[in-house]
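Hi,

Here is the structure I promised to hand over. Have a look at it first, and then read on for what turned up.

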Amino acid sequence: MKNELKEYASGFKLTHLFMILGALLIGASIIAQAFLTVEIVNKVFVNKTSFEEIVPFLISLLLVLMLRPFLSYLMGRAGVTMAASVKQRLRQALFDKFSREALLTSHQGQSGQKVSVILDAVDEIDAYYSKYIPQVFKTAVIPIFILMAVSTQHIETGLIMMVTAPFIPLFYIIIGIRTQKKSEEKIEQMTVFSGRFLDTIQGLTTLNLFQKSKKYRAIIEESSLNYRDATIEVLKVAFVSSLMLELISMLSIGIIALEIGLRLIVFNSMSFATAFFLLILAPEFYLSLKELGSAFHTGRGSMSAMRKISEELRRENEEVRWGDCLIRSEEPPKITLKNVSYQYSDSQFALSSVNFKIEPYSKTAIIGRSGSGKSTLLNIIAGLLPPQQGEITINDDPLTSIKEESWFSQISYISQSPYLFTGTIAENICIGSKNVSQAEMEEAAEKAGISAFVASLEEGYETIIGESGRGLSGGEKQRMALARAFLKKPTVILFDEPTTGLDLYTEKVLQTALNSLSENATMIIVAHRLHTIRKADHIIVVDQGKVMTEGTDNSLYESSELYRQMVSAQAEEVIL
Ligand code: ADP
Ligand code: MG
């Protein structure tokens with residue numbers, strides 16, 4: 001099994017060196033502590049020395065006693081620092097990945113789970129660096145120190161230690177293998193639980209409207225109970241395992257004590273000082289082995305969290321690849337879709353083998369029922385989603401050969417919910433255009449039909465709006481995006497027409513705005529209004545991810561039953 005946590009740690013050479021040094025000092029202080037304790041007791045009770053003589057020993061013992069926790073603390077600190085830096089890198093990597101896939105990540109039902117992966121799994125790797133790694137160094141050094149010290153005094157005790165020691169790691173390997181699956185299950189349950197929780201909270205209004213909140217309460221309850229059970233399972237194994245480890249080390253210490261006792265009392269072949277020294281060190285020996293065991297359990301959790309994170313990071317990146325050709329012409333380009341197919345990784349829906357041409361300066365309307373794939377198609381043409389098959393060409397060059405900025409500087413995409421960032425209205429309109437004067441900005445707002453609304457605000461264009469445009473209606477957000485388009489003067493305009501009925505004024509403003517924008521640009525509109533459809537030069541009818549037919553209003557009215565149905569259903573209304 002590849003251990004990525006270890007790979008991440010490998011960059012911290014200095015920290016490792018520091019930990020080795022710390023472990024050596026701790027090892028030395030354990031021996032010193034045992035030696036000093038024995039000396040003091042031996043002097044006071046066996047040799048009956050005066051108090052003054054043992055004072056230096058007492059002071060040294062005090063210093064050594066303080067040194068040990070201090071060193072352990074420093075090692076833990078070093079581990080925490082290491083963890084913080086690795087966590088920072090992982091979080092950054094996850095955020096980068098999610099923001100590159102914003103279109104997919106923000107799809108309903110996914111966001112909650114991903115937030116949980118970021119926040120919880122990343123934090124779970126802490127223990128590996130702050131507990132497990134320092135303990136590995138301690139356990140690599142301290143038992144050997146003790147073994148050497150013990151063996152020089154009494155080789156038989158050393159031998160008993162050597163024979164019994166392997167049982168402890170052996171046991172925690174067996175137990176570790178058993179808990180690994182369980183703690184992975186626990187993380188899985190946690191992800192499901194918090195995903196459900198967050199998504200339910202976000203959708204609470206909707207759920208209430210449909211009187212489904214009771215059902216979701218049951219769902220949340222169930223997944224929280226599952227999470228509880230998974231946690232308890234892990235704890236159960238952990239408790240049983242620590243009992244077993246305790247038992248082994250107690251037995252081993254017992255054997256050593258018995259052996260020493262026999263020599264001290266029955267055979268009289270050992271001094272009190274040696275026996276005492278050995279008896280102090282024996283528990284220390286097993287303690288550091290046991291500590292590795294429990295640190296290892298904590299580390300296990302980190303490893304399964306890490307696996308979850310790297311799975312997420314390695315997942316095939318759904319990202320449009322770009323080249324470095326520039327679009328030279330100032331004229332609108334010819335856009336061609338050849339056999340374009342796309343499937344969302346987590347949905348049944350598939351756009352299959354889409355073919356069509358869009359001529360410069362033309363007006364194309366894409367129509368179809370809700371869920372037929374119109375917005376998906378628009379996202380693909382915009383270069384926001386990568387087709388899995390086929391290609392899009394711009395003036396006969398593949399879109400993938402074009403430089404990202406060169407393409408995005410040509411297009412304006414007015415989606416159904418345009419993104420607005422936290423800032424003033426003026427800043428939001430000017431994004432995407434350079435060196436815009438106040439007058440130009442106001443003119444664009446005027447043309448987009450937003451100026452009256454802005455004038456009604458106390459602070460006008462300096463009014464601060466929230467992220468994703470909190471406080472603005474869908475129509476207002478779209479008009480903000482239109483104003484951006486007026487400033488940018490794109491050669492291609494992609495417009496996802498609002499499905500909700502607009503008031504007459506807004507409707508008229510949108511119409512004039514689009515007419516004036518389309519004078520210098522190609523228009524591709526996902527159309528819902530009969531008016532827009534009738535005025536298009538080219539109509540593409542999609543259904544269930546396929547292009548069913550295409551043509552002009554007249555030709556389609558003659559040839560397509562589907563088109564006649566769609567258009568005549570509700571004349572002059574919002575039809576789709
Ligand atoms: P339309 O715009 O024609 O109403 P869409 O293109 O928005 O249709 O959606 C087509 C299908 O793809 C729907 O079934 C929708 O649930 C699904 N879909 C849309 N966006 C995503 C996404 N980000 N992840 C997974 N499925 C999606
Ligand atoms: Mg749509």
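Y128 is a residue of helix α6; helices are DSSP runs of H or I with at least four residues, numbered from the N terminus. Before going further, please note that this is a predicted model, in which local features need pLDDT of at least 70 and side-chain atom pairs count only at pLDDT 80 or more, while totals for chains, interfaces and linings use all residues. Residues are numbered from 1 along each chain as its sequence is written, chains are lettered from A and ligands numbered from 1 in the order in which they are written, and side-chain values use heavy atoms, with hydrogens and water left out.

Y128 counts as buried, because its relative accessibility is 2% (buried means under 20% relative accessible area, with a 1.4 Å probe and protein chains only). Leaving aside residues up to four places away in sequence, Y128 touches N3, L5, K6, I133, G299, S302 and M303 (contact means heavy atoms within 4.5 Å). Together with Y129 and Y132, Y128 forms one aromatic cluster.

**Aromatic pairs**

The structure holds 7 aromatic pairs (rings of Phe, Tyr and Trp, the last by its six-membered ring, with centres within 6.5 Å; planes under 30 degrees apart count as stacked, over 60 as edge-to-face and the rest as tilted). One of them joins F285 and Y286: the ring centres are 5.1 Å apart and the planes stand at 90°, so the pair is edge-to-face. F285 and Y286 are both buried. Y342 and Y344 also make an edge-to-face pair, with 5.1 Å from centre to centre and 85° between the planes; both of these tyrosines are buried.

**Helix packing**

Helix α17 (residues 474-488) packs against helix α18 (residues 504-518) at an angle of about 20°, and their axes are 11 Å apart (axes are lines fitted to C-alpha atoms over the stretch in contact, and angles run from 0 to 180 degrees between N-to-C directions). That angle is why α17 is roughly parallel to α18 (angles under 35 degrees count as roughly parallel, over 145 as roughly antiparallel, 65 to 115 as roughly perpendicular and the rest as oblique). On the α17 side the contact is made by R479, L482, A485 and F486, and on the α18 side its residues include Y505, V509 and L517.

Back in α6 (residues 126-153), there is packing with α7 (residues 155-164) at about 145°, with the axes 6 Å apart. Here I146, L147, V150, S151 and Q153 of α6 meet I155, T157, G158, M161 and M162 of α7.

Happy browsing!

Terms used: Helices (H or I, at least four residues) and strands (E, at least two) are DSSP runs, numbered from the N terminus. Buried means under 20% relative accessible area, exposed over 50%, partly exposed in between (1.4 Å probe, protein chains only).
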